[in-house]
Amino acid sequence: MEFFSNLLLAFAVAFTPDNLFFCFLGVLIGTLVGVLPGLGPVATISLLLPSTFQITPVSALIMLAGIFYGAMYGGSTTSILVNIPGEAASVVTCLDGYQMARQGRAGPALGISAFGSFIAGTLSVIAIMLIAPPLANMALKFGPPEYFTLMFLGLTVLTYLASGSMIKALMMASLGIFLGTIGTDTISGLERFTYHSYTLMDGLGLVPVIMGLFGISEVLLNIDVQAAKRDIYETKLSNLFPNRDDWRISIFPILRGSLIGFFLGILPGGGAVIASFGAYAVEKRISRHPEKFGTGTIEGVASPESANNAASQGAFIPLLTLGIPANVVMAILLGALLIHGIKPGPLLMKQNPDVFWGVIGSMYIGNVMLLILNLPLIGLWVKILKIPYPILFPLILLFCLIGCYSLNNNVVEIMIMILFGIVGFLMKKFEYEGAPLILAFVLSPLMENALRQSLIMSHGSFSIFFTRPIAVTFFLVALFLLISPQIPGFKKRPKGGDIV
Amino acid sequence: MKKYDQITSLVWLAFAVYVLIESSCLPLGSWRDPGAGFLPLGSGLCLGILSMVNYLQARFRKEDDVRGSWHSPDRWKSLLVILAVLFGYSLFLDFLGFLVSTFIFLFLLFRLVEPQKWAVAVGGSFLASIVSYMVFEIWLKTQLPRGIFGF
């Protein structure tokens, strides 16, 4: 009964004209940035974050969430037609999607990717509705030690799954924690690393840091590596609906991809990229014809596309029920909610049911919108793909500048953004990942509070983290992940490239 | 990458030392009641130790993938131009106002990085400035700087 009353509330909020409009705007922008290589959902959400401060928190979150899962849909278009993934979660779609396009089957590849994403998105929304309430109830039993160890675990998982060196990822997490401490200490009121700058007294802004690390640096990187001329596969896109045979082959990969994606999305540190690689690897392993993968098999498109969409929606569970972001996009959304005065966590469902259920309801509507948007508008996305980068990049930079300035009408924040743009560019060049830095930066104040409260509770004894069952479990899992690369015979998880 | 890993590790180590020195000037408190310097000191310590581990790993790494320069020599100037234009924009935005500085900013990027035709550069800059002004100032009610010209 509670399920249906929640469902009713979800749709009542999501179907208001304002929220419908922002949901549409979000998925439209999401698809657009998914299509455009070099501008991913992280950069776009950070670019648009300041403009959401003028609207209600529920509309803001609906729009930002729409950008995230919309990008997953859009990313497949470039993977299939151009062999360039619009965003990282669609890398694996290139393998079979582009081969299908070369064989004149771009239509069914795009079609199954859109339908697979829709089915996965729909199943994920239902799963969120079933899983989130009991999880939030359980989280009500969490105290500061449990929260601290959970955040520690989230950071550890993210560094463990880092695509490059784990040491480098841990370095970036340490740097992120330090950057999060800049500003006025909330407990003692003392200024830390501000050097009497008014801008720094409130701490480093989330928007300038993210826009710099992901927006400006991406442009600099694209300019530095002159993009190869895009070879858009000119094929007639009239037959977008997969035939009966395509459906027969794809339906189980779609369901398996949805399941894998959803659970990898929930995992702190997991996400759409890992989910898409994982789903592809599973399909290849259980297939009777694994040798055909990479030559244009439709299940090689259906499974990862379903998985990345399911993961992008599953990632909302830890954010909305525990207040813990599972990946960098969720970290930005956490920042957005905090700026709007809403604290995500177990009490969100009780204190702001409109935000919680409104976002969930909007995801379902967003999935329908995306299905309608993607199939007939593919021709338009292909045209947009042809916009030359030298015309596009000044506009992206302008967007960063306006977004950053409009936050506090402060040019110092623009300079901070540019500075982080340079740092982000160098980090990418020398293979230091930005995701652990941002997650640690967002979690740093929350972790510091939880740590200090825990130590005050235990009169200075660290045993509080080892005597409470939930806290010690989180801590032991984190510790295992940290030392596991050193255990002989226990190798770090295979990289995306290895799976494929 | 080996050489670059060693150099960047030393840069991070130097930064960690700075964090340690600065945070030791803040009250560290006690285990019962950690002070404002507790977490910065801890994060600086972690960064420093990890930098040293990274340096040593790179130092004793046998194999090394051979890579060229870490930047593209012919694109280097473009990056400097973009950064100079970006810093210039942040310096002159309040003085010149949004419309004028945005027009100049876009025009310079269109012309200096990968030169577009004059018509594209002037027309594109003008159109993008006006559209962004209308969207942000008029529609979203963002307060953009007016500068000496009053717009």
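The contact between the two chains takes 45 residues from chain A and 54 residues from chain B. The model is predicted. On the side of chain A that touches chain B, the elements giving two or more residues are helix 8 (166-181), helix 10 (206-224), helix 18 (389-408), helix 19 (411-429) and helix 20 (434-457) of chain A. Helix 18 of chain A gives the most, with ten residues. By kind, this side of chain A divides into 28 nonpolar, ten polar and seven charged residues.

Chain B is divided into domain 1 (2-59) and domain 2 (76-139). The C-alpha centres of these two domains of chain B lie 40 Å apart.

Helix 1 (residues 2-24) of chain B has a set of buried residues: B:Asp5, B:Thr8, B:Ser9, B:Trp12, B:Ala16, B:Val19 and B:Ser23. What do the buried residues of helix 1 of chain B pack against? They pack against helix 8 of chain A together with helix 2 (38-59) of chain B.

Helix 8 of chain A is itself largely enclosed by the rest of the structure, because 15 of its 16 residues are buried. After helix 8 of chain A comes A:Gly183, with a positive phi near 120°.

In each case the expected span agrees with the distance between the end C-alpha atoms.

**Helix 6 and helix 17 of chain A**

Helix 6 (residues 106-139) and helix 17 (residues 353-385) of chain A pack at an angle of about 175°, with their axes 9 Å apart. How are helix 6 and helix 17 of chain A set to each other, roughly parallel or roughly antiparallel? Angles over 145 degrees count as roughly antiparallel, so the two helices of chain A are roughly antiparallel to each other.

From helix 6 of chain A, the residues in this contact include A:Leu110, A:Gly111, A:Ala114, A:Phe118 and A:Gly121. Those from helix 17 of chain A include A:Ile360, A:Met363, A:Tyr364, A:Asn367 and A:Leu370. The contact divides into 13 nonpolar, five polar and no charged residues.

A:Ile112 is also in helix 6 of chain A. Is A:Ile112 buried or exposed? The cut-off for a buried residue is 20 or more other C-beta atoms within 10 Å. A:Ile112 has 31, so A:Ile112 is buried. Leaving aside neighbours within four places in sequence, A:Ile112 is in contact with A:Pro242, A:Asp246, A:Ser250, A:Ile298, A:Val301 and A:Ala302. A:Ile112 and A:Pro242 are 130 residues apart along the chain, yet their C-alpha atoms are separated by 6.2 Å.

Most residues other than glycine have a negative phi. Which loop holds A:Phe193? A:Phe193 lies in the loop between strand 2 (191-192) and helix 9 (198-201) of chain A. Its phi is positive, near 55°. A:His196 also has its place in the loop between strand 2 and helix 9 of chain A. The phi of A:His196 is near 60°, again a positive value in a residue other than glycine.

A:Phe193 has 19 of them, so A:Phe193 counts as partly exposed. A:His196 has 7 other C-beta atoms within 10 Å and is therefore exposed.

How values were computed. Residues numbered from 1 in each chain as written. Chains lettered and ligands numbered in written order. Predicted model: local features only at pLDDT ≥ 70, side-chain atom pairs only at ≥ 80, totals over all residues. Contact = placed C-beta atoms within 7 Å. Helix = DSSP H or I, 4+ residues; strand = E, 2+ residues; numbered from the N terminus. Nonpolar A, V, L, I, M, F, W, Y, C, P; charged D, E, K, R; others polar. Domains from an automatic or database assignment. Axes fitted to C-alpha atoms, helices over the stretch in contact; angles between N-to-C directions. Parallel < 35°, antiparallel > 145°, perpendicular 65-115°, else oblique. Expected span 1.5 Å × (residues − 1). Buried ≥ 20, exposed ≤ 12 C-beta atoms within 10 Å, placed from the backbone.
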